[in-house]
Amino acid sequence: MPESVLAEPPGAAVRMMVAGQFPAWEMFSVDRVASTGTDNYLYRLGETLAVRIPKHQKAERFLLREAEWLPQFSELALPVAAPVAVGSPCEGTLWHWGVSLWIDGQTVDAGAFSEMDGAAAQLAGFLKSLRAQDVGNALLAGPDNEFRGGALAQWRQRTLQALDTVSDEVDQAGAAAVFDRAVTAGAAPEVRWIHGDLHPGNLVVTNDRLAGVIDFGLMAVGDPACDVKAAWWCFAPDGREAFRKAMDIDEAEWDRARGWALCTALIALAFYRGRNEPLADMCRFAVKQVLSGV
């Protein structure tokens, strides 16, 4: 979770980047989109496209990963911000940048999904369609996607360090017990494609319905429980139970998913509090849901 190193390009500079490399779109409007995201600056390009400009070098790797693999998927159960083009480094950016489809809507606060009719079933349907994608030529979880979907035991040290950092607001003993149970649940019996970073900030909503999924930069083939962490990141107890029922997964995967929810929330909370409070609050919600025991 690096600090931003690239200053935000003004809209005029982005317009010149588009005109210079993709002249077919040079007459499209360019409008900055406010976002709490930490990897890319986002601009709406015309009515149907978006420009994403990496804030730091690691974000370039995520963008290129997504551009290579996401177009190979068959149709998913929710719209995704599929890559359309990749721009080369130029004046205004140090790295490759991307143009993707625009999904109309907005993100919502953690917990709001429980109040949305059908959100649990929609999200479960999306994950099932993602799991159904061909894993041949697999892009396995590893250092390039921050080990999302790898062995949970690899996350123990970072989790304990984060837990120590946030000990003033998190029950250390309770959190450690949840994580230990997740680790002892064992490895996933089979690996599947995962999004890798499924949380409220990467889910687009319109008219109280899920409208799409964005930011697949941590996608890989790994433990599918990594995405089931959304049960605690997105839902309060009633919505979480509906989501679990729609997913129809066993106890071992549910335990691993709870561990994924906890470790990613703790590590992000330790980093973002005092830096990005909207993201820190999202993490706090997830930790509270995990430790509620429901």
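# Close-up legends

**View 1. Arg65 counts as buried, at 9% relative accessibility.** Buried here means under 20% relative accessible area, exposed means over 50%, and partly exposed is in between (1.4 Å probe, protein chains only). This is a predicted model, in which local features need pLDDT of at least 70 and side-chain atom pairs count only at pLDDT 80 or more, while totals for chains, interfaces and linings use all residues. Residues are numbered from 1 along each chain as its sequence is written, and side-chain values use heavy atoms, with hydrogens and water left out. Look for Arg65 in helix H2; helices (H or I, at least four residues) and strands (E, at least two) are DSSP runs, numbered from the N terminus. Now find Asp144: Arg65 and Asp144 are 79 residues apart in sequence, and their C-alpha atoms are 9.0 Å apart in space.

**View 2. Pro89 sits in the loop between E4 and E5.** Is Pro89 buried or partly exposed? With a relative accessible area of 41%, Pro89 is partly exposed. Pro89 and Thr206 are 117 residues apart along the chain, and 34 Å separates their C-alpha atoms.

**View 3. Phe113 and Phe235 form an edge-to-face aromatic pair.** Rings of Phe, Tyr and Trp (its six-membered ring) pair if their centres lie within 6.5 Å; planes under 30 degrees apart are called stacked, over 60 edge-to-face, and the rest tilted. By this rule there are ten aromatic pairs. In the pair shown, the ring centres are 6.2 Å apart and the planes meet at 65°, so the pair is edge-to-face. Phe113 belongs to the loop between strand E5 (97–101) and helix H3 (119–131), and Phe235 to the loop between helix H7 (230–234) and helix H8 (237–247), so this pair ties together parts that are 122 residues apart in sequence. Phe113 is buried at 2% relative accessibility, and Phe235 is buried too, at 1%.

**View 4. Phe271 and Tyr272 make an edge-to-face pair.** The centres of their rings are 5.1 Å apart and the planes are at 85°. Tyr272 counts as buried, with 9% relative accessibility. In another part of this tour of rings, Phe22, Trp25 and Trp97 form one aromatic cluster.

**View 5. Arg158 lies over the face of Trp155.** A charge sits over a ring if NZ of Lys or CZ of Arg is within 6 Å of the ring centre and within 35 degrees of the ring normal. Arg158 is 5.0 Å from the ring centre of Trp155. Lys229 gives another example: its charged end sits over the ring of Trp233, 4.6 Å from the centre.

**View 6. Two cavities of 30 Å³ or more turn up in a search of the whole structure.** On a 1 Å grid over the protein atoms alone, a cavity is a set of points where a 1.4 Å probe fits but cannot get out, a pocket is an open set with protein on both sides within 12 Å along at least five of seven lines, and lining residues have an atom within 4 Å of a point. Grid points are joined across faces, edges and corners, and a volume is the space filled by probe spheres set on the points. The largest cavity has a volume of about 50 Å³. Its lining includes Arg52, Leu63, Glu66 and Pro83, and helix H2 (57–69), strand E4 (83–87) and E5 each supply at least two of the lining residues. The second largest cavity holds about 40 Å³ of space. Among the residues that line the second largest cavity are Arg156, Phe179, Asp180 and Leu266, and helix H4 (156–165) and H5 each contribute at least two.

**View 7. The second largest pocket has a volume of about 170 Å³.** Of its 15 lining residues, Gly150, Ala151, Leu152, Ala187 and Ala188 are the closest to the centre. Helix H5 (172–184) and helix H9 (251–272) each supply at least two residues of this lining.

**View 8. The model has zero disulfides.** A disulfide is a pair of cysteine sulfur atoms within 2.5 Å.
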